[in-house]
Amino acid sequence: MLFSLILAAVLSQTQPGVADLAPAFGNTLLSTYPDGRTARMWLQEHGRYEGRGRRGGASSGVWSVRNGEVCFGQRRPIWSPRSFCTPIVRGGVGTKWTARAVTGETIQVELVAGR
């Protein structure tokens, strides 16, 4: 299942793109759900990701940037024909924001140092 570590929008004059995701490479996107459980995602520079969901399951897939959003397509453990897109945040390690998960839940996301 594509767990929903996601990026939220920060208002700007220009449309966000791949360069705005650079701080995530080599670091961890940590999402905290309303029940207190966390999920982690690791973006790779060339359009792939790996993750560990809030229930402990591993997943992986691809990401791309479309119209100022980052879109995730799960390939493992089960391939999904749908992708989940969310606005890109601009910021480095320590940046925190509120976002909506693929499940519709409101989550807290933080870019934390290291993997």
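**View A. The C71–C85 disulfide is right-handed, because the torsion about its S-S bond is about 110°.** In this predicted model, the sulfur atoms of C71 and C85 sit 2.0 Å apart, and a disulfide here is a pair of cysteine sulfur atoms within 2.5 Å. It's the one disulfide that the structure holds.

View B. Strands are DSSP runs (E, at least two residues), numbered from the N terminus. C71 counts as buried at 2% relative accessibility, while C85 is partly exposed, at 28% relative accessible area. Buried means under 20% relative accessible area, exposed over 50%, and partly exposed in between (1.4 Å probe, protein chains only).

**View C. R54 sits in the loop between β3 (48-52) and β4 (58-66).** With a relative accessible area of 14%, R54 is buried. Its side chain makes a polar contact of 2.9 Å with the side chain of E105; that term takes a pair of N or O atoms within 3.5 Å, and within protein one must be able to donate a hydrogen and the other to accept it, with residues adjacent in sequence counting only if both atoms are side-chain atoms.

**View D. R54 has neighbours from elsewhere in the sequence, including Y33 and T103.** Setting aside residues within four places in sequence, R54 is in contact (heavy atoms within 4.5 Å) with Y33, D35, R37, T38, A39, T103 and E105.

**Notes for all views.** Residues are numbered from 1 along each chain as its sequence is written, and side-chain values use heavy atoms, leaving out hydrogens and water. Local features need pLDDT of at least 70 and side-chain atom pairs count only at pLDDT 80 or more, whereas totals for chains, interfaces and linings use all residues.

Notes. Helix = DSSP H or I, 4+ residues; strand = E, 2+ residues; numbered from the N terminus.
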